[in-house]
Amino acid sequence: MKKDIFVTVINCMDGRIQEAVIKYMSEKYDVNYIDNITEPGPNKVLATNEDAELLNSIKRKLDISINIHGSRVISVVGHYDCAGNRVDYETQIKDIKKSIDLLQSWDLEVDEIIGLWVDENWKVHEV
Ligand SMILES: [Zn+2]
């Protein structure tokens with residue numbers, strides 16, 4: 001039986017990747033509940049680290065997921081054909097890594113921050 005605990009995903013809003021990402025996180029961490037924080041191209045938002053309003057919105061949602069739901073894992077997602085981050089594969093991966101660096105600099109009370117790439121077949125890979 002999966003654990004009734006939460007993990008957190010900072011995902012793109014794109015409907016094509018929701019189920020794959022939720023399934024991946026649920027199986028990897030053996031948990032029932034995935035908190036979804038969605039933006040178009042969230043790896044771009046975090047990697048550029050410029051849009052204070054959006055960043056604060058993400059922080060507010062992370063605060064609830066971590067400090068009220070008790071999540072100890074965050075994943076940040078990039079994917080193929082993202083309308084919110086229209087760059088090539090290499091840049092997408094760089095943006096995911098930069099996003100992880102930024103999240104780590106926020107000193108969140110989590111054990112793990114990972115990056116996920118969703119490919120053209122909607123398969124999930126760890127970055
Ligand atoms: Zn997208």
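In the predicted model considered here, Asp107 is exposed because 7 other C-beta atoms lie within 10 Å, whereas Asn49, with 13 C-beta neighbours inside 10 Å, falls into the partly exposed class. Over the chain as a whole, buried residues account for 35% of the 127 residues.

The backbone of these two residues also deserves a comment. Asn49 adopts a positive phi of about 55° although it is not a glycine, and its position is in the loop that links helix H2 (42-48) to helix H3 (52-68). For Asp107, likewise not a glycine, phi is positive at about 55°; this residue is located in the loop between helix H4 (89-105) and strand S4 (112-118).

With regard to the overall architecture, the chain contains four helices and five strands, which follow one another from the N terminus in the order β-α-β-α-α-β-α-β-β. The C-alpha trace extends over about 40 × 35 × 20 Å along its principal axes. The radius of gyration of the chain is 13 Å, which agrees with the value near 14 Å that a compact globule would have with 127 residues. Of the contacts between residues at least 6 apart in sequence, 76% connect residues that are at least 24 apart.

Terms used. Residues numbered from 1 in each chain as written. Predicted model: local features only at pLDDT ≥ 70, side-chain atom pairs only at ≥ 80, totals over all residues. Helix = DSSP H or I, 4+ residues; strand = E, 2+ residues; numbered from the N terminus. Rg over C-alpha atoms; globule rule 2.2 N^0.38 Å. Buried ≥ 20, exposed ≤ 12 C-beta atoms within 10 Å, placed from the backbone. Contact = placed C-beta atoms within 7 Å.
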